[in-house]
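The sequence and structure come before the details.

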Amino acid sequence: MCGRYSIAASGADLVSALELDGTEPGFEWELAYSVAPRTRAPAIRDRLAGDQRVREASLPTWGLRPSWAKEKGPRPINARLEGVATNGMFRSSFASARALVPMTGYYEWQEAVEDGKTVKNPSYVHAPGDELLAAAGLLAFHREGDDEDWKATFTIITRTGEDAAGEVHDRMPVFLTPAAWDTWLNPEKIGKDQAGDLLDLLDGESRTVASTLQTRPVSRAVNNVRTLNRHDPGLIEPAEHSNEG
């Protein structure tokens with residue numbers, strides 16, 4: 001799964017690295033080393049402006065809420081690749097609201113016993129050189145009432161863990177290479193007969209990226225989302241768990 005991640009890149013960095021045409025009004029982003037569910041984070045989507053295709057960044061909230069979902073209903077932060085095209089929670093977004101979720105790495109935890117106590121040791125999964133990664137995501141839009149503005153939410157598509165990432169968890173985000181961005185972000189709605197080809201693309205692309213990923217142990221300071229400083233680069237620095245706590 002992917003339950004927490006980092007974006008060690010500024011808003012301007014994202015615009016440059018992802019070759020964006022612009023951002024939605026009010027888009028501002030500072031480097032963040034801990035992005036948690038139910039918070040806002042950058043997502044990239046293509047839209048049609050007349051006959052022009054425009055690629056923009058926005059700040060939806062992590063945890064998908066389709067327009068028909070109840071206010072207190074589930075807000076899935078991940079969507080499984082195996083059923084994303086047919087699951088009722090994700091089917092509409094997969095057809096017409098595909099996005100990229102930029103990140104520079106994500107965290108997974110493994111339990112261990114130290115001094116008779118169970119502890120959770122975090123690992124950081126990242127690209128060589130901590131380069132920017134782009135995960136396949138989905139957007140959904142809702143509003144609380146007829147007079148309210150539309151609010152955007154997102155989820156990250158995951159697959160079975162592969163290679164180094166699979167050694168720390170049995171699920172991982174579906175990452176795409178730049179060569180696949182145009183196809184994935186196509187703003188046109190896809191039909192059921194096109195879903196299979198898109199799923200095959202996600203599978204192949206994510207295996208390619210997975211083969212390049214690396215992991216490193218990091219500080220347990222990242223464990224407590226309520227007390228950490230999300231702007232602290234120390235969260236992703238290598239750490240020896242046996243020397244902590």
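Two strands pair if DSSP finds at least two bridges between them. Strands (E, at least two residues) and helices (H or I, at least four) are DSSP runs, numbered from the N terminus. The model is predicted: local features need pLDDT of at least 70, side-chain atom pairs count only at pLDDT 80 or more, and totals for chains, interfaces and linings use all residues. Residues are numbered from 1 along each chain as its sequence is written, and side-chain values use heavy atoms, with hydrogens and water left out.

Five strands form an open sheet in the order E3-E1-E9-E10-E14, and their pairing is antiparallel. At the edges stand strand E3 (32–35) and strand E14 (214–217); each has a single partner strand, so one side of each is left without a neighbour in the sheet. From one strand to the next the twist averages 35°, with axes being lines fitted to C-alpha atoms and angles running from 0 to 180 degrees between N-to-C directions.

Strand E10 (residues 117–126) runs antiparallel to E14 and is joined to it by four bridges. Val-125 has Thr-215 in E14 as its bridge partner.

Most residues other than glycine have a negative phi. Glu-19 has a positive phi, near 55°, and Asp-115, not a glycine either, has a positive phi of about 55°.
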